[in-house]
Amino acid sequence: MKRQIQNIIDVRLICPAALVVAGLALATPAAAQGEFTLATPPAVATPAWSFDQDREAERQDAQRDRESEQREREREKSDRDREQRDREHEQEARYYEQGMSALDSARWDRAVSSFDRAAEMKGTKADAAMYWKAYAQNKQGQRGEALGTIAAMMKDFPKSRYLEQAKALEFELRRDAGQPVRPESESDEEMKLLALQALQNSAPEQAIPMLQKILQGTSSPRLKERALFVLAQSDSARARDVLVGIAKGSSTPDLQTKAIQYLGVNGGPESRAALGDIYSSSNDVDVKRRILRAFMVAGEKDRLLRAAQSEQNPELRSEAVRQLGVMGAHDELWTLYQKESSVDVKKQILQAMFVGGNADKLIDLAKTEQNPELRRTAVRNLGLIGSKRTGDALVEIYGADKDPEIRKAVINALFIQNNAESLVAIARKEQDASMKKEVVQKLSLMRSKVATDYLIEILNK
């Protein structure tokens, strides 16, 4: 008998289910007679899982959680890095604009300081800031310092689009070394431009090469911009070719930006087609963004729609969507929304619908959109529109939608509208204590007699 039990124990080590089998075997009549037979257990449903399977499932769940947390941390870090870059870019742009403004008003010392700060940011405008810093230093009579700034710029930015102008400025500095600064040069520039404008009206073909010379030389930013403006007013095919060349990048980024703007504002079909070609061939995100804005000014809905549908860069797709919203391109935005699969892009389309004032479609989507996140976005944008019609629609959505998050979004949207009447009406009907608390909390923040009267009514109960 002992040997039989030992055999059972040995079997148990091989098969975890053997213990149950052993108990059944010992209870049989054969066991009572001193005989042991390994009985076949009754038919019992074998579990589809085991302890090891449970542990493996838990391990996989934990791994998925860790991976999800890691992705979230990486996404948050990416967002923080992008926000930091945006802040730095905005700061650099402010310094640069301050410098350009100082140049326009001949405040050379302030211009030098602002451009120096912009250059220290080491961003996208660092080379331009160094060139204009040298320009301002020259105007102050600091020719040695200006030559030093140009030398540093050429070393740090050997492929800068300001390089040719920097070389021209260096040549002038060395040529004029030892000569006094002439403050009257500013009035000379003004006289030149007045003469060119008159020549543009009487003999435009003769004016074009002179305008090109100003644009390629070392004149002030204001004179170059005005020369470009004069060029943009011309109906001459040659003038348009010069303008298109600058828009393609044959000159400095500052002039390129202006040329793109002028082609959108003043140009006809040929100019817009040229912008389309530049957009297709360029890899510069900033240039393409400016072309999209020029398309908006020119009323080019079809080109913006194509960019929103086919552009691979998410930032540019968003820009195209945004510009369609500014244009009030309701049909185009709805077409995009129906075809789009990305939730983030759909949010941007909803934002564009708000910018375009398309309350009808936002109300429809706030009621019917299956994705709760997008539905909340539509609700929030209805609150931003702020009208009796959208307020009534929000109250209707609150009554029909049982999702607590959607209802909270409605409450917040009505709060944004300062719609105390609708919030009080909701609070009077609401039976859910937590939702009613949300409404009352918003009412407590509003400066409205309707809200105050209702809060006093609650206190008097």
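A crossing of two helices is right-handed if the near helix is turned clockwise from the far one by less than a right angle, and left-handed if anticlockwise. The model here is predicted. Two helix pairs are described below.

Two packed helices are described by the angle between their axes and the distance between the axes. Here are those values.

| Helix pair | Angle | Axis distance |
|---|---|---|
| H7 (residues 143–156) and H8 (residues 163–175) | about 150° | 10 Å |
| H19 (residues 343–355) and H21 (residues 372–385) | about 20° | 10 Å |

**H7 and H8**

H7 and H8 pack at about 150°. Angles over 145 degrees count as roughly antiparallel, so H7 is roughly antiparallel to H8. H7 passes H8 in a left-handed crossing. On the H7 side, the contact uses Arg143, Ala146, Leu147, Ile150, Met153 and Met154. H8 brings Leu163, Ala166, Lys167, Leu169, Glu170, Leu173 and Arg174. Nine residues of this contact are nonpolar, four are charged and none is polar.

**H19 and H21**

H19 and H21 pack at about 20°. An angle under 35 degrees counts as roughly parallel, so H19 is roughly parallel to H21. The H19 and H21 crossing is right-handed. Which residues of H19 meet H21? They are Val343, Lys346, Lys347, Leu350, Gln351 and Phe354. Their partners in H21 are Glu373, Leu374, Thr377, Ala378, Asn381, Leu384 and Ile385. The contact of H19 with H21 holds seven nonpolar, three polar and three charged residues.

Technical notes: Residues numbered from 1 in each chain as written. Predicted model: local features only at pLDDT ≥ 70, side-chain atom pairs only at ≥ 80, totals over all residues. Heavy atoms only, no water. Axes fitted to C-alpha atoms, helices over the stretch in contact; angles between N-to-C directions. Helix = DSSP H or I, 4+ residues; strand = E, 2+ residues; numbered from the N terminus. Parallel < 35°, antiparallel > 145°, perpendicular 65-115°, else oblique. Contact = heavy atoms within 4.5 Å. Nonpolar A, V, L, I, M, F, W, Y, C, P; charged D, E, K, R; others polar.
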